[in-house]
Amino acid sequence: MEEKGNERWSAAIANLSDISNDLHSLHNILNSKAVYVDQDSFNKASLTSDQARTIKVLEQRVETLERELDAAISAAARARTEKRQAEAGQKAAELRAQEITKELENTTKVFELHMEELRAKQDEIAKRDNEIKLLEAIIQTLGGKDSDS
């Protein structure tokens, strides 16, 4: 049991030694490459950095709005095209309705003319029928006189 405890202590000490070496290396890098500025310069740099982030966010928002605007413009163009097509279809339907109405009016006029002609022929047939009946009556009357003599 003591042996395992000693191994753990040895591993922990080795880890602490590695961490110490890493911290020393980091300290050397920071000392050699770090830039020291006064508070005013730091505040200006922070403000500039904040403004740069704000500008980046606003640029992304502008790009999003531009895409939305392009989509809206495209949708409006499609709507205008569909409206023009619908108007053209409506106009064509109205013209067809006018043609059909005109055709019905012409058919009605032709029908009325045929009816007048039919009535005239019926009147003529009735007149001739009456003439035939009159002639038959005359013939019968004359025929009856001949049989009396």
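Q: To begin, what is the relative accessibility of Glu66?
A: In this predicted model, Glu66 has a relative accessibility of 45% and therefore counts as partly exposed. That class lies between buried, under 20% relative accessible area, and exposed, over 50%, with a 1.4 Å probe and protein chains only.

Q: Which helix holds Glu66?
A: Glu66 belongs to helix H2, which spans residues 39–148.

Q: And how many helices and strands are there in the chain?
A: The chain contains 2 helices and 0 strands. Both are DSSP runs numbered from the N terminus, helices being H or I with at least four residues and strands E with at least two. Helix H1 covers residues 2–33.

Q: What about a nonpolar patch, which residues make it?
A: Leu16, Ile19, Leu23, Leu26 and Leu30 make a nonpolar surface patch of about 510 Å², an accessible area from the Shrake-Rupley method with a 1.4 Å probe, where for residues only the protein chains shown count as cover. Of these residues, Ile19 is found in helix H1 and is partly exposed at a relative accessible area of 48%.

Q: Switching to salt bridges, what does the count come to?
A: The count is 6 salt bridges, each a side-chain nitrogen of Lys or Arg within 4 Å of a carboxyl oxygen of Asp or Glu. One of them joins the side chains of Arg53 and Asp50 at 2.2 Å, N to O.

Q: Where do Arg53 and Asp50 lie?
A: Arg53 and Asp50 are both in helix H2, 3 residues apart, which is about one turn of the helix. Arg53 is partly exposed at 48% relative accessibility, and Asp50 is partly exposed at 38%.

Q: Which residue meets Glu124 in a salt bridge?
A: Arg128 does, at 3.3 Å, N to O.

Q: What radius of gyration does the chain have?
A: The chain has 57 Å, whereas a compact globule of 149 residues would have one near 15 Å. The radius is taken over C-alpha atoms, and the globule rule is 2.2 Å times the number of residues to the power 0.38. Along the principal axes, the C-alpha atoms fill a box of roughly 175 × 60 × 15 Å.

Q: How much of the chain is buried?
A: Buried residues make up 0% of the 149 residues. The chain exposes about 14,000 Å², with 58% of it supplied by carbon and sulfur atoms.

Q: How far apart are Glu117 and Thr54?
A: Their C-alpha atoms are separated by 93 Å, and the residues are 63 apart along the chain.

Q: What conventions apply?
A: Residues are numbered from 1 along each chain as its sequence is written, and side-chain values use heavy atoms, leaving out hydrogens and water. Local features need pLDDT of at least 70 and side-chain atom pairs count only at pLDDT 80 or more, while totals for chains, interfaces and linings use all residues.

Terms used. Patch = residues over 30% accessible without salt bridge, like charges linked within 9 Å, V, L, I, M, F, W, Y side chains within 5 Å.
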